[in-house]
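Here are my notes after a pass through the model you sent over.

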Amino acid sequence: MDKPDLYVVARFLDVLYWKGTPMKKTNVQTLVGLNYPRFVEYLEWLQSHGLIAAVTDEQGSDRITLSSKGIESYHRLVEWIRDTMRGIRI
Amino acid sequence: MSSGHDSELRESIKNTMSEIFGFSQKWYEYLETQDRNERISYAILIGLMILFLTFFSRYFIEIVGYSQLQVFLAGLLLGVTGGVASYFIIERVQKPRFSELSDALAEMRRAKENQNLLEKTLHLIDRMTECLPEVKKRRREDSFMYGVAAFILVSFLRTTTFPGLNVLIGVLVWLYFRYEATKDYEREVSRFEEWRRRFEQQKRDFVEGL
């Protein structure tokens, strides 16, 4: 994927940030509301940029979680949105 | 993410999100006030026009047995009734102009944590920047009302020495405010366009910086 949509990336970061614990891919897909091929594309992009990490739980199933870079990016995004809102003058 | 530091960070994020929501709420309230003020202005204008037409109709229609004061009071009563009625009619007839913005805000209000709040906020910013030129455009349209108000005001001063003076002053006032508002509108619209370009660029930069 060349240029991911910031809004979709924000959706992933939001879901994973507030969940706090590693999530099953199926649950993430439901919450971000993407079809499977698109979901996989974004997942690969997020992984290749180090924003999410794949982990295996005690039952041996794959889960995904935000990496420290992902958490830091989420904070940056929130700060940027706040600054943008402050900059809108009528 | 269960340490004290993490919970502090989460708390700070929540505060920032509330701040963002507060901004949007204030913004929407401002637009609603603008809408209400516009309706009030139109209602006052319609009321004044009714009063004006009633009062000056005595020059053309012979109203027998009524004093000038009685005609004025009747005009006042009709004007107030017409003004109030037109306020409610405009409110009912007028399409909600910022429905997309109010929908985006309502979405945000309904959204809780982990419900794509950031994406909803980004959409809200989009809607806000889309309706900014519209807000300014409406200020430009107000100039016509100033012209009509000036016309009515001068008409009441009964300047019979210069017939047509009320029309002339009304047109001059309208043109002056229109000129000023157009200048302001063009300046503001180019500022919004510039801001919008910067916003789009920042979005691209943000993704590239990830």
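1. Which residues in α1(A) meet which residues in α4(A)? Bear in mind that this is a predicted model. From α1(A), the residues taking part are L6(A), A10(A), L13(A), D14(A), Y17(A) and W18(A). On the α4(A) side they meet G70(A), I71(A), S73(A), Y74(A), H75(A), L77(A) and W80(A). Sorted by class, that contact has 9 nonpolar, 3 polar and 1 charged residues.

2. Now the geometry of that pair. Helix α1 of chain A covers residues 6–19, and its axis comes within 10 Å of the axis of α4(A). The two axes cross at roughly 120°, and the crossing of α1(A) past α4(A) is left-handed.

3. You'll find S73(A) in helix α4 of chain A, which runs over residues 68–87, and S73(A) is part of the α4(A) side of the contact with α1(A). Is S73(A) buried or exposed? S73(A) counts as buried, because its relative accessibility is 0%.

4. Setting aside neighbours within four places in sequence, S73(A) is in contact with L13(A) and L51(A) from chain A, and with F206(B) and L210(B) from chain B. L13(A) is also among the α1(A) residues listed in point 1.

5. On to chain B as a whole. Chain B has 210 residues, and 37% of them count as buried. Taking contacts in chain B between residues at least 6 apart in sequence, 78% join residues at least 24 apart. As for surface, chain B exposes about 12,900 Å², with carbon and sulfur atoms supplying 60% of that.

6. Last, a charged residue in chain B. E188(B) sits in helix α5 of chain B, residues 165–209. Why does E188(B) count as buried? The reason is its relative accessibility of 12%, given that buried means under 20%. The side chain of E188(B) makes a polar contact with the side chain of R191(B), at 2.7 Å. Worth checking both side chains on screen.

Terms used
Residues are numbered from 1 along each chain as its sequence is written. Chains are lettered from A and ligands numbered from 1 in the order in which they are written. This is a predicted model: local features need pLDDT of at least 70, side-chain atom pairs count only at pLDDT 80 or more; totals for chains, interfaces and linings use all residues. Side-chain values use heavy atoms; hydrogens and water are left out. Helices (H or I, at least four residues) and strands (E, at least two) are DSSP runs, numbered from the N terminus. Buried means under 20% relative accessible area, exposed over 50%, partly exposed in between (1.4 Å probe, protein chains only). Contact means heavy atoms within 4.5 Å. Axes are lines fitted to C-alpha atoms, for helices over the stretch in contact, and angles run from 0 to 180 degrees between N-to-C directions. A crossing is left-handed if the near helix is turned anticlockwise from the far one by less than a right angle, and right-handed if clockwise. Ala, Val, Leu, Ile, Met, Phe, Trp, Tyr, Cys and Pro count as nonpolar, Asp, Glu, Lys and Arg as charged, and the others, Gly among them, as polar. Accessible areas come from the Shrake-Rupley method with a 1.4 Å probe; for residues, only the protein chains shown count as cover. A polar contact is a pair of N or O atoms within 3.5 Å; within protein, one must be able to donate a hydrogen and the other to accept it, and residues adjacent in sequence count only if both atoms are side-chain atoms.
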